[in-house]
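Take a look at the model below. Then work through the questions one by one.

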Amino acid sequence: KSSPAEEFIDTCKAIQELKSVDGKKDPRFLMPILSMMNRSDLIDLLPELLRGDDDDSFLALLERTSHRLERHALVFRDEPTEEDVASLRGMTLCEQLVFLHRVDFAKAGISQRRYLKAIGICLRHERLFNDRVIMAALDHISGTFLSTGEKLPLPYMRTIILVISNHESLHGWICNTLLQRLVDGEIYTDGSQWEGWMRSAKMLENTESSGVSSAEVINKLPTEQLVQYKARYG
């Protein structure tokens with residue numbers, strides 16, 4: 001027998017289906033149940049949230065998925081094993097940024113412009129996605145890239161550039177940890193990501209007055225990549 005929570009989830013989904021227009025579903029009908037849904041289902045739902053053109057609703061829906069998980073905002077929870085009975089519910093703020101970066105927007109029929117705008121909206125919303133949340137998400141993605149060889153998400157370096165422009169408190173972490181980690185993961189084998197890395201490093205190269213600089217990590221680049229950087233930005 002289904003639990004009351006599961007029955008409520010099914011009811012809200014049925015209402016959303018009933019209210020759909022020309023096959024388009026309004027995710028706002030799911031607002032009451034987002035924090036109760038399995039994280040795997042929320043991941044599948046992200047493209048639907050991204051398709052909307054109401055930015056306030058988009059942020060409100062994201063915030064609702066993290067309801068009751070406020071104390072775990074910086075955490076990316078491991079996937080449950082087959083032996084685990086309980087599934088992960090809701091989505092922490094860190095997880096939201098990680099999974100947003102992994103959305104295959106082209107496959108989902110979302111324009112690149114809308115997709116990148118949505119990520120930018122999150123990065124500018126300091127109440128939800130503060131510097132610590134942003135760092136936790138970017139740290140998780142880069143750590144996965146280094147430890148597993150998983151390809152960096154398409155918008156990753158664009159996000160780093162936006163963070164450098166708007167989140168000065170993260171400059172030290174980017175210079176002292178992130179840029180070197182990406183080099184260790186051979187980011188230079190991916191042309192577009194490597195261009196983003198070089199641009200990010202250049203933005204922080206001459207910032208000694210603020211106490212941080214990317215000069216050290218630049219000078220430690222492999223010879224071929226250092227030549228490329230100097231030719232591009234030297």
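Q: How many aromatic pairs does the count come to?
A: This is a predicted model. Rings of Phe, Tyr and Trp pair if their centres lie within 6.5 Å. By this rule the count comes to five aromatic pairs.

Q: Is the pair of Phe105 and Tyr115 stacked or edge-to-face?
A: The ring centres of Phe105 and Tyr115 are 4.8 Å apart. Their planes meet at 20°. Planes under 30 degrees apart count as stacked, so the pair of Phe105 and Tyr115 is stacked.

Q: How many residues apart in sequence are the parts that Phe105 and Tyr115 tie together?
A: Phe105 lies in the loop between helix 4 (93-101) and helix 5 (112-124). Tyr115 lies in helix 5. The pair therefore ties together parts whose separation in sequence is 10 residues.

Q: Are Phe105 and Tyr115 buried or exposed?
A: Buried means under 20% relative accessible area. Phe105 has 11%, and Tyr115 has 1%. So Phe105 counts as buried, and Tyr115 is also buried.

Q: Is the pair of Tyr188 and Trp194 stacked or edge-to-face?
A: The centres of the Tyr188 and Trp194 rings are 6.0 Å apart. Their planes stand at 85°. Planes over 60 degrees apart count as edge-to-face, so the pair of Tyr188 and Trp194 is edge-to-face.

Q: Over the face of which residue does Arg114 lie?
A: A charge sits over a ring if CZ of Arg is within 6 Å of the ring centre and within 35 degrees of the ring normal. Arg114 is 5.7 Å from the ring centre. The ring belongs to Phe58.

Q: How far is the charged end of Arg232 from the centre of the ring of Tyr233?
A: The charged end of Arg232 sits over the ring of Tyr233. The distance to the ring centre is 4.9 Å.

Q: How many helices does the protein have?
A: Read along the sequence, the pattern is α-α-α-α-α-α-α-α-α-α-α. There are zero strands. The number of helices is 11.

Q: What share of the residues in the protein is buried?
A: The protein has 234 residues. Buried ones have under 20% relative accessible area. Their share is 47%.

Terms used. Residues are numbered from 1 along each chain as its sequence is written. This is a predicted model: local features need pLDDT of at least 70, side-chain atom pairs count only at pLDDT 80 or more; totals for chains, interfaces and linings use all residues. Side-chain values use heavy atoms; hydrogens and water are left out. Helices (H or I, at least four residues) and strands (E, at least two) are DSSP runs, numbered from the N terminus. Buried means under 20% relative accessible area, exposed over 50%, partly exposed in between (1.4 Å probe, protein chains only).
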